[in-house]
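Hi everyone, thanks for coming. Let me put the structure up, and then I'll walk you through a few things.

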Amino acid sequence: VNCETARLLLAFHRPHGPELGPDEARALGEHVATCAACGARARHDQAFDQAVAAAMNAVPIPIGLRERLLARVTNLQSARGRQWAVYAAAAALLLAVGLAVFRFATREERVTWADLHALVPPAPRGGPDTPTYMTDRLPAGFPLDNAVSAQLELRNTIIASYVQHQDGKRIGVLELMKGNNRATAFLVPQRNARSLLTDDPGYPGGTVMLRPPEGSPTCVVVLIALHGSDPHVFLRPPQLPTGG
Amino acid sequence: MGLYGHGLTVQALVEAHYTALYRYAYRLAGAAAEAEDLTQEAFSKAFAKLGQLRDPSRAKPWLFSILRNAYLHRRRERKRAHEVSLNDVGDVPEPDNGRPLSDVEPEQLQAVLNDLAEDFRTPLILFYFEDFSYRDIAEQMDVPLGTVMSRLARAKGYLRARLTGAETAPEGDIHGRRSAP
């Protein structure tokens with residue numbers, strides 16, 4: 001290392017820093033130890049750096065600064081906590097309102113017998129009992145005991161289908177024809193149909209539930225009222241459905 | 001509260017670094033009141049950004065960087081009236097070996113720092129804090145290593161000239177190039 005290189009290295013040398021590699025630091029040390037001019041320069045630089053570093057770090061810390069800083073960040077944390085609480089409350093409120101709106105918008109108006117009878121008058125009392133009536137009028141072997149078959153048979157005779165609005169309630173209607181007889185099938189949600197069956201007010205007719213074919217994605221319950229040239233009757237089902 | 005994956009809380013950062021941060025702020029700003037404001041602001045921002053601190057061992061340079069940005073932001077808002085940029089000054093003089101410096105008054109040092117442009121003042125401060133390598137300073141200032149070396153050499157030369165009153169110091173040139181208010 002010559003003097004020129006030594007001075008260059010001195011410019012970047014820091015007593016406690018890793019700025020010079022070990023080889024450079026050793027070479028500089030050896031040169032400074034043997035070169036009077038560079039040695040004086042190194043001592044001068046070192047004294048200068050030490051003096052400036054001491055002055056640079058001689059900054060009095062204000063009394064209570066630590067406490068003030070900690071209080072500030074604690075306040076910030078509290079404010080953030082309150083902010084989150086407000087957000088959470090607002091979100092909960094929004095969710096509650098949303099749920100209420102959703103329930104209101106999707107509320108299910110329950111179809112009642114009165115709704116259905118407004119569309120198709122019930123069979124008068126005193127008429128023939130349903131099995132006899134139907135046996136006389138439906139083709140021989142019409143599988144009344146098999147609801148699915150009955151549905152399939154009736155499907156062949158659909159003459160109209162539409163959605164009836166009764167007091168704001170949506171009721172699907174199928175008009176069917178079989179021989180001289182017409183049938184009206186009401187399509188209501190299965191859950192609603194179950195309550196209808198349960199609440200059967202005891203009209204001389206009855207209801208029949210046509211179970212959907214296996215694998216049908218939706219289970220639409222059909223309440224059937226048959227009415228032909230003779231008094232309207234409701235089919236009495238072989239048995240009330242159970243379960244879904 | 002304030003706890004992230006690295007487990008650091010802003011309270012822990014305050015405890016560990018508030019003195020160093022305040023000293024840095026003081027040397028940058030040159031006034032105790034502004035230094036405290038800057039320190040408060042730095043920790044407030046650190047609290048808000050604590051999730052961005054990936055490596056807890058880099059918390060100190062991270063805080064210093066936040067504080068410097070806060071300082072620069074304030075400084076842009078009220079442009080410094082007079083400070084010296086050494087960019088246009090030629091090589092600073094060689095040190096005068098005949099007058100070694102054994103003691104520097106902190107106020108005298110601050111007066112010189114106050115006159116220096118920030119891009120020369122910051123590396124000088126960080127250099128003498130000794131915790132920061134040249135590479136750290138380059139990262140802090142987002143400039144190449146060579147730029148840091150160059151600015152440091154010029155700033156140290158200027159500092160030496162001002163503190164020792166070296167006759168060869170380029171005071172006239174420097175003061176003649178003070179930026180306009």
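This is a predicted model: local features need pLDDT of at least 70, side-chain atom pairs count only at pLDDT 80 or more; totals for chains, interfaces and linings use all residues.

Residues are numbered from 1 along each chain as its sequence is written, chains are lettered from A and ligands numbered from 1 in the order written, and side-chain values use heavy atoms, leaving out hydrogens and water.

Where is Trp84(A)? That residue sits in helix H4 (residues 65-105) of chain A; helices here are DSSP runs of H or I, at least four residues, and strands are runs of E, at least two, numbered from the N terminus. Trp84(A) is exposed, at 55% relative accessible area (exposed is over 50%, buried under 20%, partly exposed in between, with a 1.4 Å probe and protein chains only).

Now chain B. How many helices does chain B have? Eight, with zero strands. Of its 181 residues, 54% count as buried. Contacts (heavy atoms within 4.5 Å) reach along the sequence too: among those in chain B between residues at least 6 apart, 74% join residues at least 24 apart.

Last stop, helix H2 (residues 32-49) of chain B. Its 18 residues reach 25 Å from first C-alpha to last, close to the expected 26 Å (1.5 Å times one less than the number of residues). Buried residues in H2(B) include Leu38(B), Phe43(B) and Phe47(B).
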